[in-house]
Amino acid sequence: MDSKAAELVGAIEHATRHMRTGAGGFEAPPLDLSKPWDPHCSHMFRETMRQLAGQGVRVDLKLFADEGADANKLSKRIRQDRQDWTEVDFRDVQSLANRGVLVIGTYINASGPGHLAIVYPIADESKGPLVRDGNIHRNKQGVVFAASSYGAVPANQSFGPLLTQAKWYTYRH
């Protein structure tokens with residue numbers, strides 16, 4: 001893994017364990033997967049952006065670490081910001097992430113929660129694209145997907161049937 005991809009992995013890993021709560025504290029997904037865990041994709045995204053800023057990447061934290069912004073609002077900001085974000089083809093997202101490029105999947109829902117996911121760098125591109133979104137993923141029977149719980153899962157498990165409606169963006173860092 002090249003050094004830029006390793007830095008991206010470090011930011012994502014830290015974000016997984018330090019998502020900010022509405023009360024201003026920090027939390028990580030429970031180690032006991034039978035315990036409740038609310039969806040946290042926007043928390044994961046915001047903390048990853050803060051971590052990248054801490055590594056010296058220029059990030060507009062008012063736009064991309066805004067605690068008041070949910071996944072829909074953050075996705076709209078990404079899609080509208082042509083200076084920092086560039087739309088890319090879904091077929092290229094794993095290769096880009098493996099080179100250390102921050103790639104975000106966005107889904108905007110006009111009548112409910114949206115979704116964000118970060119493409120996770122991996123050694124074997126044939127297994128991708130894999131994403132992290134801070135959520136615990138379960139099948140219809142409630143069993144946690146074997147690939148992970150709050151770790152990297154295939155994009156189709158993160159977005160489900162909405163994958164075809166998701167748009168993917170790279171960050172200019």
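## Overall layout

How many helices and how many strands does the protein chain have? The protein chain has six helices and eight strands. Helices (H or I, at least four residues) and strands (E, at least two) are DSSP runs, numbered from the N terminus. Along the sequence, their pattern reads α-β-β-α-α-α-β-α-β-β-β-β-α-β.

This is a predicted model, in which local features need pLDDT of at least 70 and side-chain atom pairs count only at pLDDT 80 or more, while totals for chains, interfaces and linings use all residues. Residues are numbered from 1 along each chain as its sequence is written, and side-chain values use heavy atoms, with hydrogens and water left out.

The protein chain has 173 residues, and 50% of them count as buried. Buried means under 20% relative accessible area, exposed means over 50%, and partly exposed is in between (1.4 Å probe, protein chains only). A contact means heavy atoms within 4.5 Å. Among contacts in the protein chain between residues at least 6 apart in sequence, 63% join residues at least 24 apart.

## The sheet

Six strands form an open sheet, in the order β3-β8-β4-β5-β6-β7, with antiparallel pairing. Two strands pair if DSSP finds at least two bridges between them. The edge strands, β3 and β7 (153–154), each pair on one side only.

Strands β4 and β5 run antiparallel and are joined by four bridges. Y107 stands opposite H115 of β5, and G105 has A117 of β5 as its bridge partner. Strand β5 also pairs with β6, in the antiparallel sense, over two bridges. There, I118 has R132 of β6 as its bridge partner.

Is β5 mostly covered or mostly open? Strand β5 is mostly covered, with five of its five residues buried. H115, A117 and V119 point one way from the strand, while L116 and I118 point the other way.

## Helix α4

Helix α4 covers residues 71–80, and seven of its ten residues are buried. The buried ones are A71, N72, L74, S75, R77, I78 and R79. What covers them includes the helices α2 (41–54) and α3 (61–64) and the strands β3 (85–88), β4 (103–107), β5 (115–119) and β8 (167–171). Helix α4 lies across β3, β4, β5 and β8, and runs at about 120° to β4. Such angles run from 0 to 180 degrees between N-to-C directions, and axes are lines fitted to C-alpha atoms, for helices over the stretch in contact.

At the start of α4, a side-chain oxygen of D70 comes within 3.2 Å of the backbone nitrogen of N72. Further along, R77 is in helix α4 and is buried, with a relative accessible area of 18%. A polar atom of the R77 side chain lies 2.7 Å from the backbone oxygen of L63. Not counting residues up to four places away in sequence, R77 touches K62, L63, F64, D66 and A69.

Two packed helices are described by the angle between their axes and the distance between the axes. The axes of α2 and α4 come within 9 Å and cross at roughly 45°. The two helices are therefore oblique to each other. The contact is made by C41, S42, F45 and R46 of α2 together with A71, L74 and I78 of α4. By class, this contact has five nonpolar, one polar and one charged residues. Ala, Val, Leu, Ile, Met, Phe, Trp, Tyr, Cys and Pro count as nonpolar, Asp, Glu, Lys and Arg as charged, and the others, Gly among them, as polar. As for the angle, under 35 degrees counts as roughly parallel, over 145 as roughly antiparallel, 65 to 115 as roughly perpendicular and the rest as oblique.

Helix α2 also packs on the sheet, where it touches β3, β4, β5, β6 (130–132) and β8. The direction of α2 makes about 45° with that of β5.

## The loop residue Q165

Where is Q165 placed? Q165 is in the loop between α6 (155–159) and β8. Q165 is partly exposed, with a relative accessible area of 45%.

Leaving aside neighbours within four places in sequence, Q165 is in contact with R79, T106 and Y107. Q165 and G105 are 60 residues apart along the chain, and their C-alpha atoms are separated by 10.0 Å.

Conventions
Polar contact = N/O pair within 3.5 Å; in protein donor to acceptor, adjacent residues only side chain to side chain.
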